[in-house]
Amino acid sequence: MTAWLMKFGFGGVQEFIAQSRKTRDLAAGSLLLQDMAKAVAAEAQRLGAEVILPQQPDVACPHQLLLRWNDDDAAAIEAHGKALRAKAKGAWQDCVLAHVSDELASLKKVRKDSSLVAPQLEQAFEAYWVAVPLEKEEDYPTAFHDVQQRYELRRFTRTFPQEEKPSDPLGTCAQCGARNAVVDPSKAFRHGKLDPRDKLCAVCLAKRLWSYSKFDEAFPSTVHLARDRFFRLPEYQAQRKLLEEKKAEAKDWREFQEGTQETDPNVLDAIHKAMEARDSVTAYYVALYFDGNRMGEWFSGEHFADGQDLKGAQETLSEALASFVTALRAGASCLRATVIYLGGDDGLVLLPLDYLFPFIRLVRKTWQEHVEQAQEVCAIAQGERGPTLSLHASVVHQTAPFQRVIEDLHPALEETKEQGNREAFSISVAPRAGSEAKALFRWEELEALIQAVESFTTWRIEDFPPKGMGALPAKSELDDRRRQAFPARLPYVLADGLAPLFDENGALSTGDLETAFDLELKRLLGKREDPTKTADNLFDFLRTLVKGPQLGELAPRGRLASVLTVLPSLARWLDWGSGEVQP
Ligand SMILES: [Zn+2]
């Protein structure tokens, strides 16, 4: 008789989540996986296992579980593994099969192929497990490393079953591009939860339909996120109501005209005007992804203090992550964040642009309090602190292809971790017309960055979260801010003026050139009269980028140039504009 450690997880998780055309597909994919993982954790407990990781599956459930079974032989463990796998498949089928079958049955004049549904859903994921014996308690670290390694090997040897070609194919799924479509609504104008672009396979269809059973109709779309001011500010209430009544919130004028039965010219005119008001506010939103640094190493014990009991330390860290998630969820609800996934040490969130900086602030503070500098974590850590955090935010236009935006987040964050030596966060801006730019910042630079953005715009972080009804700032206040703001072209002037001072490696040569940099920066900033401290703040911020502690291997010239490219875009898109709402 012996105990066993088991690791259980799902294959193809990243692809399954990212294969989304709409925000609701993304949220559904992620939530479905978490629900399955939770169902498996509960089943394991029912069968007598101890769930070691995560400590609180109901609060934060990553897509992998670490379990411990007591006093069982290999045959019993195999039976448990199979039972958990069956539970995962069952949970998935229970969630979605009826939705897909009912929907296909209800579609009359649409091309469809129901015969593919069952096999596609059956093969949507692979759930797998590995287990190793744990003879004695003191063998826990060895057994843990063993089960980790075997799990990784198992993960990379998974096979994808080849789908049989249907006799009358509808073509490939427009969403995942991997499976055959089971429905092609392109000829129908619009059918409830599907639109003509939704030529979907059973798996992608399942996510969409399940999302409607889970979230209501008004799940924030990219249009809602990007045009958040229109959908939030009391000044737009009348227009908002009109568009909602006419089911035209996320449509453009032409799309609306093509589908409407409305003929009254006054009503049509009012709708057109409401759409213009909506389209006059900023059109950018944020997709944000963060991840604890070196979490695999942390959980393997590489950064725990000598003599720590590995299992106890893992449990402490897992508890800390659960409390981080609880606190972050509470804070995020005030910041109009659409939380897609919070697995403990990582998270994916969509935000209106106004909440970019408030949210970054919140993540940092919450992570520090609950993980990095939490007493119980510091007590078991080798150094002075627990794991650190990396974060990337992509600021994109509402028309940017959503799936690409999501797929790009993971590699962008990996690049930030590597370039920024795991002490940085990054922001990329992708203008609708123009090329994408990305800048990295040390966490200590966050507040100075916010001030720098504010110095070019009428937006202020103190406006968020808004007080009371959250109206636009007063006109006189906006006029004051406008007068104080630096000219929009200043960043370009600075970039051009300062570039010649760097050597071919992108560094400032020592001595005279360092002084020359300060003088030239002062001269360029001093050209305009500034009764406030704004110029001093900006001077300090830019000077620190170049002369302060450096970030990884990044050359100062490159960093300065990237920041001076990202700043004006953020400032322009965040600006409150004239502060007047068209009637
Ligand atoms: Zn698909």
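This is a predicted model: local features need pLDDT of at least 70, side-chain atom pairs count only at pLDDT 80 or more; totals for chains, interfaces and linings use all residues.

Residues are numbered from 1 along each chain as its sequence is written, and side-chain values use heavy atoms, with hydrogens and water left out.

**Exercise 1: the zinc site**

Find which atoms coordinate the zinc ion, and work out the arrangement of the donor atoms.

Step 1. Look for the donors, meaning N, O and S atoms within 2.8 Å of the metal (3.2 Å for Na, K and Ca); water is not among the atoms, so sites may look incomplete. The SG atoms of Cys173, Cys176, Cys201 and Cys204 coordinate the zinc ion at 2.2 to 2.4 Å.

Step 2. Turn to the sequence: the donor residues follow the spacing C-x2-C-x24-C-x2-C.

Step 3. Check the angles. The four donor atoms subtend 104 to 115° around the zinc ion, so the arrangement is tetrahedral (four donors count as such if all angles lie between 85 and 135 degrees).

Step 4. Check accessibility, where buried means under 20% relative accessible area, exposed over 50%, and partly exposed in between (1.4 Å probe, protein chains only). Cys201 is buried at 0%, and Cys204 is buried at 1%.

**Exercise 2: the largest pocket**

Describe the volume and the lining of the largest pocket.

Step 1. Start from the method. On a 1 Å grid over the protein atoms alone, a pocket is an open set of points with protein on both sides within 12 Å along at least five of seven lines, and lining residues have an atom within 4 Å of a point. Grid points are joined across faces, edges and corners, and a volume is the space filled by probe spheres set on the points. The largest pocket has a volume of about 1900 Å³.

Step 2. Look at the lining. The pocket is lined by 48 residues, and Lys22, Ser221, Val223, Ala250 and Lys251 lie nearest its centre.

Step 3. Bring in the helices, which are DSSP runs (H or I, at least four residues), as strands are (E, at least two), numbered from the N terminus. Helix 7 contributes the most to this lining, with four residues.

Step 4. Sort by class: the lining has 16 nonpolar, eleven polar and 21 charged residues. Here Ala, Val, Leu, Ile, Met, Phe, Trp, Tyr, Cys and Pro count as nonpolar, Asp, Glu, Lys and Arg as charged, and the others, Gly among them, as polar.

**Exercise 3: backbone details**

Locate two cis peptide bonds and two positive phi values.

Step 1. The bond from Leu53 to Pro54 is cis, with omega near -5°; Pro54 sits in the loop between strand 2 (50–53) and strand 3 (64–72).

Step 2. Phe464 and Pro465 are also joined by a cis peptide bond, with omega about -10°.

Step 3. Arg336 has phi near 50° and is partly exposed at 35%.

Step 4. Arg422 has phi near 60° and is partly exposed at 25%.

Technical notes. On a 1 Å grid over the protein atoms alone, a cavity is a set of points where a 1.4 Å probe fits but cannot get out, and a pocket is an open set with protein on both sides within 12 Å along at least five of seven lines; lining residues have an atom within 4 Å of a point. Four donors count as tetrahedral if all angles lie between 85 and 135 degrees; four count as square planar and six as octahedral if opposite donors are over 155 degrees apart and all others between 65 and 115; anything else is irregular.
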